[in-house]
Protein chains: 2
Amino acid sequence: MSLLIIGTMAFDALETPFGKVDRIIGGSATYAAWAASYFTQPIKQVSIIGGDFPKEEIAALEARGVAFEGVEVVPDGKSFFWSGRYHLDMNTRDTLITDLNVLAQFDPKIPDSYQDCDYVMLGNLAPAVQISVLDQLKNKPKLVIMDTMNFWMDIALEDLKKVLGRVDLLMVNDSEARQLSGEFSLVKAAKKIQTMGPKYIIIKKGEHGALLFYNDKIFSAPALPLEVVFDPTGAGDTFAGGFIGYIARTDDYTFENMKAAVVIGSAMASFCVEKFGPLRMQELKPAEIEARFEDFISLMSVNVEVALAVTV
Amino acid sequence: MSLLIIGTMAFDALETPFGKVDRIIGGSATYAAWAASYFTQPIKQVSIIGGDFPKEEIAALEARGVAFEGVEVVPDGKSFFWSGRYHLDMNTRDTLITDLNVLAQFDPKIPDSYQDCDYVMLGNLAPAVQISVLDQLKNKPKLVIMDTMNFWMDIALEDLKKVLGRVDLLMVNDSEARQLSGEFSLVKAAKKIQTMGPKYIIIKKGEHGALLFYNDKIFSAPALPLEVVFDPTGAGDTFAGGFIGYIARTDDYTFENMKAAVVIGSAMASFCVEKFGPLRMQELKPAEIEARFEDFISLMSVNVEVALAVTV
């Protein structure tokens, strides 16, 4: 089933304890599209880029079934630029530079050829931009998922609440879930966010995995314990892309299948952090992906003989 | 199969954001014995208590198959006392008072009737005391597991290394694993600790679950996401008791069965934190325990169709 992804396509400058890159391709929609492309094609991309966005990066995405009709190119504009430095624990980072550039004028237009999308991912963007996309969809998608961040909670909470009221699934990290809900317990946080609109909540916990909430049900997926996290940039967007790519591929958005999709998203994210930027995502081989799924199944699988566990 | 547990039996004073208790029963061997008793009996307890240790607490443990022949009673002595206050996040705490009392003179004697134990749990104690127990065992147990803490790494590292060289499994929390190994990555930490002796390492991550390492294999068990953690005291010892109780019950110490035991330990720990001290552990009903196991299986279980996940 076809998939619509909206988000940023950008340049990043990254500094981790393992090295630095001054200018590498990035952006939420870039990572999400790469991850999703291993499961479903076509992907109908919506974004905005400057004339400086590399032709070969566009060609590489097109070769993976990513449509660019909805990607506005501003020939004499510069693409969004973000620069960050990670701390030693890799869980925290400082933003050094945020140059919106063409993103400041982003007013997405959904082409007619995108109107058949059953699955929609609203990447982390201004809530007003996310709403604009939903307003332009003529048919109700089967599933709309969204990402957001603390920044929008700080400066655009009312708009954010409007988006929340119109999506099926919210994907945030643990600190964002706590900020949005005002609850420390993630169980209470998820319950409160469910009253704001989304029936499904995914709370990403980085190296501690992810939780999926639906009604009173909870699913916990581990992250792959790694010897080295080289660069966490884009891991959350890669998770989202793997998740929605698998949902679109299977055309099954039940809670049971979402559990599998969370594992798929986690597996894809575990690749993402192995190299700078999206480099690892751009070179994946099917056999590597399948082997990584097997690693996750092995990491999680257990046979508890409940019958034996009766008290003596 | 019978199980030997050595550790403290004590009084605790506890303060959490939800209230305080001035004097409640505690100690690593108390929690471990309660948890293990739901799976295997008899439990051969080794500890030291003062004349102030309540008779009814001893009777309650005896009623659950806990043998006291190896528990030294110092009639005019006072039991070990610990007092602590938990921070709001419940993951950190301050020790307010540590009165060793009779624990200062603890020189455990293993009775002849304990020599048939196939499974041994060395609770958190001075490494020299843990070694003394191993020295007194005439038959090699099938499995020896141990707990320890940062305190012993600070003041008795050489002794601790001697114990590590003689046990099969080490159980520590994440910060202790990092301190002992000097490695930040838990995968690297586990590998390094494996070279010190124990073939199996369990790293407890509190609300983030636990990791089991054996050779190059890793198993990740979730913690049950909870709305309220009332009092975390004893959760780690309860985990250990549930783990080794299940291993002893099934008489199966393969890696596969240890994975199940980690889930059992996590389930028992999820009860422990629901009330102050060991109160919840003392009132558990078989049906509650079985229902909690089902919750864990539901929390973890996933059906990923790997065949579908081949790249398109």
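**Figure 1. Phe219(B) is a buried residue, with 24 other C-beta atoms within 10 Å.** A residue counts as buried if 20 or more other C-beta atoms lie within 10 Å of its own, as exposed if 12 or fewer, and as partly exposed in between, with C-beta atoms placed from the backbone. The model is predicted: local features need pLDDT of at least 70, side-chain atom pairs count only at pLDDT 80 or more, and totals for chains, interfaces and linings use all residues. Residues are numbered from 1 along each chain as its sequence is written, and chains are lettered from A and ligands numbered from 1 in the order in which they are written. Phe219(B) sits in strand 13 of chain B. Helices (H or I, at least four residues) and strands (E, at least two) are DSSP runs, numbered from the N terminus. Leaving aside neighbours within four places in sequence, Phe219(B) contacts Leu299(A), Leu212(B), Lys259(B) and Val262(B). Contact requires C-beta atoms, placed from the backbone, within 7 Å. His208(B) is 11 residues from Phe219(B) in sequence and 13 Å away, C-alpha to C-alpha.

**Figure 2. Asn215(B) lies in the loop between strand 12 and strand 13 (217-221) of chain B.** Asn215(B) counts as exposed because it has 10 C-beta neighbours inside 10 Å. Met258(B) is 43 residues from Asn215(B) along the chain, and their C-alpha atoms are separated by 14 Å.

**Figure 3. Strand 11 of chain B is largely enclosed by the rest of the structure, since 5 of its 5 residues are buried.** Both faces are covered. Tyr200(B), Ile202(B) and Lys204(B) are buried on one side, Ile201(B) and Ile203(B) on the other. In a regular strand the side chains alternate between the two faces of the sheet. Strand 11 of chain B pairs with strand 10 of chain B in the parallel sense, over 5 bridges. Strands pair if DSSP finds at least two bridges between them. Val172(B) has Ile203(B) in strand 11 of chain B as its bridge partner. With strand 12 of chain B, the pairing of strand 11 of chain B is antiparallel, again over 5 bridges. Here Lys204(B) is bridged to Ala210(B) in strand 12 of chain B. Strands 11 and 12 of chain B form a hairpin with 5 residues between them. In its turn, Gly206(B) has a positive phi of about 60°.

**Figure 4. Strand 7 (residues 93-99) of chain B is hardly covered.** The count of buried residues among its 7 residues is 0. Strand 6 (residues 80-86) of chain B runs antiparallel to strand 7 of chain B, joined by 6 bridges. Gly84(B) stands opposite Thr95(B) in strand 7 of chain B. The two strands form a hairpin with 6 residues between them, and Met90(B) in the turn has a positive phi of about 65°.

**Figure 5. Helix 7 (residues 186-194) of chain B buries Leu186(B), Ala189(B), Ala190(B) and Ile193(B).** Seen down the helix axis, these buried residues fall within an arc of 95°, so they line one face of the helix. The arc is that of the directions from the helix axis to the C-beta atoms. Their cover includes strand 10, helix 6 (174-181), strand 11 (200-204) and strand 12 (210-214) of chain B.

**Figure 6. Helix 5 (residues 157-164) of chain B has Leu160(B), Val163(B) and Leu164(B) as its buried residues.** They cover an arc of only 100° around the axis, which puts them on the same side of helix 5 of chain B. They pack against helix 3 (127-136), strand 9 (143-147), helix 4 (150-155) and strand 10 (169-173) of chain B.

**Figure 7. Chain A superposes on chain B by a rotation of 180° with 0.0 Å of shift along its axis (RMSD 0.0 Å).** The two copies are thus related as by a two-fold rotation axis. The superposition is by least squares on the C-alpha atoms of residues with pLDDT of at least 70 in both copies. His208(A) comes closest to the rotation axis of the residues of chain A, at 3.0 Å (C-alpha). The copies meet through the same surface, because 100% of the interface residues of chain A are also interface residues in chain B. The contact takes 44 residues from chain A and 45 residues from chain B. Helix 10 of chain A gives the largest share of the side of chain A that touches chain B, 7 residues.

Technical notes:
Contact = placed C-beta atoms within 7 Å.
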